[in-house]
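These are my notebook entries on one structure.

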Protein chains: 4
Amino acid sequence: MERLLDNLSIDLPSWAFGNSGTRFKVFPASGTPRTVEEKIADAAAVHRLTGLAPTVALHIPWDTVADYRALGTYAEDLGIGLGTINSNTFQDEDYKFGSLTNVEKKVRQKAIDHHLECIEVMNVTGSRDLKIWLADGTNYPGQGDIRWRQDRLSESLATIYQHIGADQRLVLEYKFFEPAMYMTDVPDWGSAYVHVAALGERAVVCLDTGHHAPGTNIEFIVAQLLRLRKLGSFDFNSRFYADDDLIVGAADPFQLFRILFEVIRGGGLAPDSGVALMLDQCHNIEAKIPGQIRSVLNVQEMTARAALVDTEAMAVAQESGDVLGANAVFMDAFYTDVRPRLARWRADRGLPEDPMAAFARSGYQRQIDAERCGGTQSGWGA
Amino acid sequence: MERLLDNLSIDLPSWAFGNSGTRFKVFPASGTPRTVEEKIADAAAVHRLTGLAPTVALHIPWDTVADYRALGTYAEDLGIGLGTINSNTFQDEDYKFGSLTNVEKKVRQKAIDHHLECIEVMNVTGSRDLKIWLADGTNYPGQGDIRWRQDRLSESLATIYQHIGADQRLVLEYKFFEPAMYMTDVPDWGSAYVHVAALGERAVVCLDTGHHAPGTNIEFIVAQLLRLRKLGSFDFNSRFYADDDLIVGAADPFQLFRILFEVIRGGGLAPDSGVALMLDQCHNIEAKIPGQIRSVLNVQEMTARAALVDTEAMAVAQESGDVLGANAVFMDAFYTDVRPRLARWRADRGLPEDPMAAFARSGYQRQIDAERCGGTQSGWGA
Amino acid sequence: MERLLDNLSIDLPSWAFGNSGTRFKVFPASGTPRTVEEKIADAAAVHRLTGLAPTVALHIPWDTVADYRALGTYAEDLGIGLGTINSNTFQDEDYKFGSLTNVEKKVRQKAIDHHLECIEVMNVTGSRDLKIWLADGTNYPGQGDIRWRQDRLSESLATIYQHIGADQRLVLEYKFFEPAMYMTDVPDWGSAYVHVAALGERAVVCLDTGHHAPGTNIEFIVAQLLRLRKLGSFDFNSRFYADDDLIVGAADPFQLFRILFEVIRGGGLAPDSGVALMLDQCHNIEAKIPGQIRSVLNVQEMTARAALVDTEAMAVAQESGDVLGANAVFMDAFYTDVRPRLARWRADRGLPEDPMAAFARSGYQRQIDAERCGGTQSGWGA
Amino acid sequence: MERLLDNLSIDLPSWAFGNSGTRFKVFPASGTPRTVEEKIADAAAVHRLTGLAPTVALHIPWDTVADYRALGTYAEDLGIGLGTINSNTFQDEDYKFGSLTNVEKKVRQKAIDHHLECIEVMNVTGSRDLKIWLADGTNYPGQGDIRWRQDRLSESLATIYQHIGADQRLVLEYKFFEPAMYMTDVPDWGSAYVHVAALGERAVVCLDTGHHAPGTNIEFIVAQLLRLRKLGSFDFNSRFYADDDLIVGAADPFQLFRILFEVIRGGGLAPDSGVALMLDQCHNIEAKIPGQIRSVLNVQEMTARAALVDTEAMAVAQESGDVLGANAVFMDAFYTDVRPRLARWRADRGLPEDPMAAFARSGYQRQIDAERCGGTQSGWGA
């Protein structure tokens, strides 16, 4: 188990440190970063205390800077690296009716060009992954031609893919709904899969745990995509209803356990697996840095429990049709309290045994509350 | 049927004319009102063309003015009246952790006081209904005490109710989720019902058609609340997924038909029924004034179809266990094209036969696009 | 915690020991009881090993016998008692279109009479609760008159309630859907509540954990019904999709924990609470007696975890708006492995530390496999 | 439109004429067929009155006969043909834990062999399609190895596919859940697609309209599968909740309209499209033959409405970002009452204008009620 944990490496989203909210209200918080550098500093604080988050993902244009090399050096000095580059094609007026699927060629080209710029950024930061989440879709039946849009999407992605470097990947994310309320152009893993399969080897799927219909068996999709060698990354979060973007593991820890069991089962935690773990959450009302610490700890804790499953004993039960026996082996791992072992794992690596308490003691929050006065707090859109 | 249609009167929400969007983006539109007066003017345009929307509902504080009497006169001069008053307890920093259910007495009192101010407004505008939709709830298990919050909600509502005038009503709205992502303090009709039943006769329930769990049989709730004499009002809209706030009837016209059938069945369109019909939608990407026109026409059209149900023939089939026969009578009304009759109904009343076309021809949109330059466009929050 | 556990007492459903399945197939199992006596023997075996299930609920007419007094003595000799009486109004041809809501007065009367017979049984068995779950509903819009059926339901229940003894209770269960596919006459807790509130003090609601719309916050309903003093009983089971009737706690142990936390919070485990805990599950493919043992252990385990919540620390965090702190207190209890303490609790009471292993060792299954040859295995319908 | 309608040809399921029900109860009906010949006679009656259902699908072994050639002649004499062959791997004890994915090689082989026998039947009947719906799945986490089962499924299907003739097709159906309650081995279109894509050109997907998660945009899947040239067939029915198997179009006629619009849009009604339309429903409480008549009429009616969409006008609106305009064109077609035109279409072809009334008048039901006495009524399982 401990060996597996040493492979665990989680990409933090820079935007998790900025303000976020619902359509009803964005509540500001003291200490919120005003610049990408401040976001990186916060991400570095999470990694210092947990040893789990060595990279921070950027969102373009929210995190646009003049000199990405300097930004990389800045991050490195703080002990972390720059991770996945996330594009944004949903906050420009031009994208009101879609980006890569827009009826206007001019707008599609603009969206393609934005991705090419993101690849330029990746070339400097050394990021491997270009993550594409599209808000494209329609709100009313008849508003758009579903089939035509699929064909345009296919073309646009192909053009972007031509610019993806030999060591880079195009990672396509799917989402059930929102902001589109009737039809979303990449609504399910099947659609993401057929597009990346058509593109080629360096195109893979991103599975956001909050982007499914009610009741969807997510661990099945994990197993299936791993089988197809197309599971590129996770956007971790949790939800009770829709894309609630709560802390991963908060809503249904057993589901997170099951997902991580399939990740391990399918080799997704092997060093060369190509499966990137990332958070994508919103800390609307809770403290942001502790929220990220809690999140990476939750992933670690459920990974540890999943690693405890006695797969041999389970296989024996499975083969004999012992439904309750097989389930019991599975549950036994889930019900085991791994926290003492994880505290030791941390202590062995010079990390605080209780990162949440360590952060509270550290005075970091008080410091940023004091320092980050004036300026404009970061949020979705800046 | 035509007689029933003459009873149809729909309250338009002032905020439908302002900008709205999702948490990802609010797209501005040309011609968007900057003031409550401009919203009222747009609402009056809808009524002029349809004869269906004689009142406009206000949202406090979005529509706060110094002189509500003058505002009433302004509306009257445009041919409409002021309708339901909607309170807002979700956009102030103080309400981050709840309003009427907040753990801090001070905040609860502030929220109560806001409602008393709303009642003051009602006393001037002559509005009958104070509509209360609460964003109160929690995002994480353990964050709040569910039971304690119910008790505080009960107390806060009782205090507000004491100030409701003899000809006024407190209308409590429920919602399945959003913005709260784990627990909502008034999540279902049952909860709204038990609170208004405890308050007294002048407290009733508001049913928003988008505020239910997937698969909920909404017409059953309509029938049940009418039976209990507690159906106070509708917030009409439609949805495919969550609270999508699409145009009423757009996602599932047959559902709207079934709802309106139960409204008629339960006496909800009788002049003294006490059932207020209101829209509550967001026109995020579609034209706002035509969006409202389309909405009231959809309600009218499905009311007309529902009124065509041959209830005697249906009762005969029901009594003989003729499932398909009873369903056929029901569907026959739904499948009948009432648009020609509605065009005549409009012509008979001096209204344009095709209100959508009439609006397009009217030049109104061009006029407001030109006039409403400068200033700040209205939206959620202003 | 241990004190609370001593209050835990779970009613086992006799039918859980019989065969069950889906509409596609009922798989028979060896050792399945052929008589109610054999079902009671199996239930007694569960209690002997767990100390948690001192009563067995009967289903009339599946468990009809000539002499209920003798049946009670038989159960007593095996160390358990007879519990809740469940009526059945869904397996007779007459009930094709409803029972207590049927359009035919004759059928309604037949269904009422069946309940009066159940009360006669209760008078002999000494059972407190008459549980009424209705399959009543319609499959097609227009098939039945929703409002009329509510009124008939109200009348029928009132007639039954008149016969409920001073120490007896009428317990009304609600269900979202199935077998009715369009409209169910008691679809939600609100409807069950309004009916039992109209009946009187000895009428209460039964909450089956599998009978809700996707995403429903069940612990909220628990808190609300306890607040209203109308939570009469639970039908425990779990589900991923619909009314899957899986082993309680199997699909989402954290949800079961949250539910039991609210039960404790609202006084539902106090000796005089009036909240009855019952299982209602189907062991379609898993071993039946071990399935019941696992189920009562799951309820016990999550009760134990819920009892560990440091409610004072949680209240402090709640009052200071410390979302993550309050959640952490809550989760800390859930993540604590209580199994060693529960093993001790059992040892202290002369019970096997591991009831599942003890059952496997006991030879009971081998014995019934051998003995129960010939005859007709029990199932839904006999 | 009328030309398109002439292409409409719907395969009736033989089992729709037998008894069906829920796990709670199967209500028998008078006149229910006892033999496959009687089922075919009923199917022929539907075709005689509607001109829409020239073939009847068989289910093996429910419809097993000694001489399929004779059966084909029998059907032909009644004016219809034999259609799709449906396999059954869910009603044998051996399949308790799966068929093509069973852990036991012996059981997998048995399930494979059953399909080879079905192909033998097809070779005699001349049926093109072998439809495979699998009940395979698990009820509890840990019960089975998700990944291993996918691999076995892949192998088993490959073996079957080797025997599929040059003019035959393997049609793989997916289903969200039921009877498996935790994990289903072919749960979504994506999984069905990757399997049939791996098999080859003569393997395609069957889309059952009731087999999706709540809120799923089915018409999107239709468009996507048509784009991928893998939409093999439909199993039509409708649902409010789960796989309710109600009459197609009954629950949401607008959804059926949208689905059929995409079928037409993607060329699915062209003579060589390879898209087979089939019903798969249960008439649990309604009359079976009229239920099938109503169903094919519903498909025809919504096809007619979908064919009325002015796609050119809609494209113009779509291209100009006129959301409401494009939607209005779409809705105009849906709201148009096509029933008079369809009555004429029927009259022109020598069919009764009102097939439901014609059936009622025909005396057919009275005749089979009288004739079909004694014997065992057909149902699921026989």
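I count a contact when heavy atoms lie within 4.5 Å. The model is predicted, so I took local features only at pLDDT of at least 70 and side-chain atom pairs only at pLDDT 80 or more, while totals for chains, interfaces and linings use all residues. Residues are numbered from 1 along each chain as its sequence is written, chains are lettered from A and ligands numbered from 1 in the order in which they are written, and side-chain values use heavy atoms, with hydrogens and water left out.

**Entry 1: cores**

I began with the contacts of Phe234(A). Leaving aside residues up to four places away in sequence, Phe234(A) touches Cys206(A), Leu207(A), Thr209(A), Val222(A), Ile259(A), Val263(A), Val275(A), Ala276(A), Leu277(A) and Met278(A).

I then looked up the nonpolar cores, meaning sets of buried Ala, Val, Leu, Ile, Met, Phe, Trp, Tyr and Cys residues joined through side-chain atoms within 4.5 Å. Buried stands for under 20% relative accessible area, exposed for over 50%, and partly exposed for values in between, with a 1.4 Å probe and protein chains only. The largest nonpolar core has 413 residues, and the members that touch the most others are Phe234(A), Phe236(A), Phe234(B), Phe234(C), Phe236(C) and Phe234(D). Another core, of 80 residues, lies apart from it and includes Phe177(B), Leu246(B), Leu324(B) and Ile285(C). I noted the background: in soluble globular proteins, nonpolar side chains tend to be buried together.

**Entry 2: chain relations**

I superposed copies by least squares on the C-alpha atoms of residues with pLDDT of at least 70 in both. Chain D goes onto chain B by a rotation of 180° with 0.0 Å of shift along the axis, at an RMSD of 0.0 Å. The two copies are therefore related as by a two-fold rotation axis. Which residue of chain D comes closest to the rotation axis? I found Asp337(D), with its C-alpha at 2.8 Å. Of the interface residues of chain D, 100% are also interface residues in chain B, so these copies meet through the same surface.

Next I laid chain A on chain D: a turn of 180° and a shift of 0.0 Å along the axis give an RMSD of 0.0 Å. In chain A, Gly190(A) comes closest to the rotation axis, at 2.0 Å for its C-alpha. Here too I read 100% of the interface residues of chain A as interface residues in chain D, so the copies meet through the same surface.

**Entry 3: helix α6 of chain A**

I took helices (H or I, at least four residues) and strands (E, at least two) as DSSP runs, numbered from the N terminus. Helix α6(A) spans residues 189-199, and nine of its 11 residues are buried, so the helix is largely enclosed by the rest of the structure. The buried set is Trp189(A), Gly190(A), Ser191(A), Ala192(A), Tyr193(A), Val194(A), His195(A), Val196(A) and Leu199(A). What do these buried residues pack against? I listed α5 (146-161), β6 (169-173), β8 (203-208) and α7 (218-227) of chain A, together with α6 (189-199) and α7 (218-227) of chain D. Gly200(A) follows α6(A) and has a positive phi, near 145°.

**Entry 4: a helix crossing in chain B**

For axes I used lines fitted to C-alpha atoms, for helices over the stretch in contact, with angles from 0 to 180 degrees between N-to-C directions. In chain B, the axes of α8 (253-265) and α11 (323-335) come within 11 Å and cross at roughly 115°. That makes α8(B) roughly perpendicular to α11(B), where angles under 35 degrees count as roughly parallel, over 145 as roughly antiparallel, 65 to 115 as roughly perpendicular and the rest as oblique. Pro253(B), Phe254(B), Phe257(B), Arg258(B) and Phe261(B) of α8(B) meet Phe330(B), Met331(B), Ala333(B) and Phe334(B) of α11(B).

I found a cis peptide bond from Ile60(B) to Pro61(B), with omega near 15°. Pro61(B) sits in the loop between β2 (55-59) and α3 (68-77) of chain B. Ile60(D) and Pro61(D) are also joined by a cis peptide bond, with omega about 20°.

I then checked positive phi in chain D. Glu178(D), not a glycine, has a phi of about 80°. Glu178(D) lies in the loop between β6 (169-173) and β7 (183-184) and is buried, at 16% relative accessible area. Arg229(D) has a positive phi near 60°. Is Arg229(D) buried or exposed? Arg229(D) is exposed, with a relative accessible area of 74%.
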